[in-house]
Amino acid sequence: MACAAAAQRPAAERVETGMQKAPKILVAGSFVMDLIVTTPRFPDRGETILGTDFKTAPGGKGANQAVQAARLGAAVTMFGKVGEDDFGDRMLESVSGAGVDVSPVLRSPVQPTAVGNVQIEAQPNGKTQNRIIVVPGANMDIRPEEADALRAAIAAYDLVVLQLEIPMAVNER
């Protein structure tokens, strides 16, 4: 429905970048701060082992899609929710730094920013495996009525991108 309305808009209403009109994209989705640990082998149940590397990386399917679309030249707006915490600050800084408009992003006072615990087993033979546990936090704290403000603006976008990492009721709204 929204895509059909946007497709009927004249091309002149699209954002201009250089010689072509950049598509306007709305991404409604997730923000996840990945906590990545590398180890030569996964621990057995109840075992503690030493890792060889640790890093954090902003992610989440929604944030990743928004950043990549912006890097390709689209005018991207992101809607989602992060916690009122350091990871939320870092997520917004990273995504906006890539050129994404994060003004519609909400902050949860009750849930933290989502995290993904990524364990990477880097074996000596060069093979790797991973295990990932995601704690959805603020992503699942979005209420359908919080997306209502976007409903009137949806027709201004050429494309709306949704994922299943936020409540389905928000996507259906």
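Ala, Val, Leu, Ile, Met, Phe, Trp, Tyr, Cys and Pro count as nonpolar here, Asp, Glu, Lys and Arg as charged, and the others, Gly among them, as polar. These classes return when we reach the pocket.

This is a predicted model, where local features need pLDDT of at least 70, side-chain atom pairs count only at pLDDT 80 or more, and totals for chains, interfaces and linings use all residues. Residues are numbered from 1 along each chain as its sequence is written, and side-chain values use heavy atoms, with hydrogens and water left out.

**The chain.** The protein chain holds five helices and eleven strands. Both are DSSP runs numbered from the N terminus: helices are H or I with at least four residues, strands are E with at least two. Of the 173 residues, 38% are buried, meaning under 20% relative accessible area with a 1.4 Å probe, protein chains only.

**The sheet.** Four strands make an open sheet, ordered β5-β4-β9-β10, with mixed pairing. Two strands pair if DSSP finds at least two bridges between them. β5 (53-59) and β10 (128-135) are the edge strands; each has a single partner, so one side of each lacks a neighbour in the sheet. On average, neighbouring strands are turned by 20° against each other, direction ignored.

**Strand β4.** Six of the eight residues of β4 are buried. β4 has these pairings:

| Pair | Sense | Bridges |
|---|---|---|
| β4 (residues 32-39) and β5 | antiparallel | seven bridges |
| β4 and β9 | parallel | eight bridges |

T38 stands opposite D53 in β5, and its bridge partner in β9 is I120. D34 has A57 in β5 as its bridge partner.

**The helix across it.** Helix α3 (residues 86-97) lies across β4, β5 and β9 (114-122), and runs at about 100° to β4. Axes are lines fitted to C-alpha atoms, for helices over the stretch in contact, with angles from 0 to 180 degrees between N-to-C directions. Contact means heavy atoms within 4.5 Å.

β4, α2 (61-71), β9 and β10 each supply at least two lining residues. By class, the lining has four nonpolar, four polar and three charged residues.

How values were computed
Buried means under 20% relative accessible area, exposed over 50%, partly exposed in between (1.4 Å probe, protein chains only).
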